[in-house]
Amino acid sequence: MNEAERSLSGSFESNKGRLPFPVSGKYRIVKQFGRHRHPELQYIQTDNGGIDIETEPGTSAKAVFDGVVSAVFPQDGFNTVVMVRHGNYLTIYVNLSDIYIRSGQSIKANQPIGKIFSDPEDDNRTILHFEIRKEKVKLNPEDWLR
């Protein structure tokens with residue numbers, strides 16, 4: 001990690017609890033971070049590595065902090081995934097349909113990243129899956145957002 005990345009990491013870390021939400025307007029968290037009982041299968045647990053945020057159709061995901069787009073890629077079942085590096089921290093935005101940025105681009109906090117996919121097979125529900133990681137360690141985004 002170079003000096004600029006180290007500085008950005010410290011700055012990201014010092015903003016714990018003060019990062020803006022990755023969506024604007026009306027939203028609600030529909031699935032929280034961590035292990036949860038499956039809603040239908042009694043002995044099954046699921047593990048959510050981030051939070052799932054339901055919002056209005058047409059809403060865009062936005063960067064929670066200055067950083068560099070490290071990856072933009074399609075993933076089966078998750079539409080497009082965008083990863084933004086903030087030194088040794090990453091923010092991950094999953095379930096995007098239209099992308100406004102490109103890999104390698106520097107972006108600013110609150111900059112729109114892409115439109116969140118509205119699922120026509122699920123009553124047009126518009127859900128962003130959002131993660132924060134310190135390298136490979138998944139962190140609870142609710143501890144970081146204001």
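**Close-up views of a predicted model**

**View 1. The largest nonpolar core.** The largest nonpolar core has 26 residues, of which Leu-19, Val-82, Tyr-93, Leu-96, Ile-113, Leu-128 and Phe-130 touch the most other members. Such a core is a set of buried Ala, Val, Leu, Ile, Met, Phe, Trp, Tyr and Cys residues joined through side-chain atoms within 4.5 Å, where buried means under 20% relative accessible area, exposed over 50% and partly exposed in between (1.4 Å probe, protein chains only). At least two residues of this core come from each of strand 4 (51-55), strand 7, strand 8, strand 10 (112-116) and strand 12; strands are DSSP runs (E, at least two residues) numbered from the N terminus. Apart from this core lies another, of six residues, among them Met-83, Leu-90, Ile-92 and Val-94. This is a predicted model, in which local features need pLDDT of at least 70 and side-chain atom pairs count only at pLDDT 80 or more, while totals for chains, interfaces and linings use all residues. Residues are numbered from 1 along each chain as its sequence is written, and side-chain values use heavy atoms, with hydrogens and water left out.

**View 2. Surroundings of Leu-96.** Not counting residues up to four places away in sequence, Leu-96 touches Ala-61, Phe-78, Asn-79, Thr-80, Val-82, Ile-113, Gly-114, Lys-115, Ile-116, Phe-117 and Leu-128 (contact: heavy atoms within 4.5 Å).

**View 3. The largest pocket.** The largest pocket holds about 530 Å³ of space. Its lining has 22 residues, and Asp-52, Phe-78, Val-94, Asn-95 and His-129 are the closest to its centre. On a 1 Å grid over the protein atoms alone, a pocket is an open set of points where a 1.4 Å probe fits, with protein on both sides within 12 Å along at least five of seven lines; lining residues have an atom within 4 Å of a point. Strand 12 gives the largest share of the lining, five residues. By class, the lining has nine nonpolar, six polar and seven charged residues (Ala, Val, Leu, Ile, Met, Phe, Trp, Tyr, Cys and Pro are nonpolar; Asp, Glu, Lys and Arg are charged; the others, Gly among them, are polar).

View 4. Asn-95, in strand 8, is not a glycine but has a positive phi of about 90 degrees. Asn-95 is buried, at 15% relative accessibility. Asn-110, in the loop between strand 9 and strand 10, has a positive phi of about 75 degrees and is partly exposed at 39%.

Key. Grid points are joined across faces, edges and corners, and a volume is the space filled by probe spheres set on the points. Helices (H or I, at least four residues) and strands (E, at least two) are DSSP runs, numbered from the N terminus.
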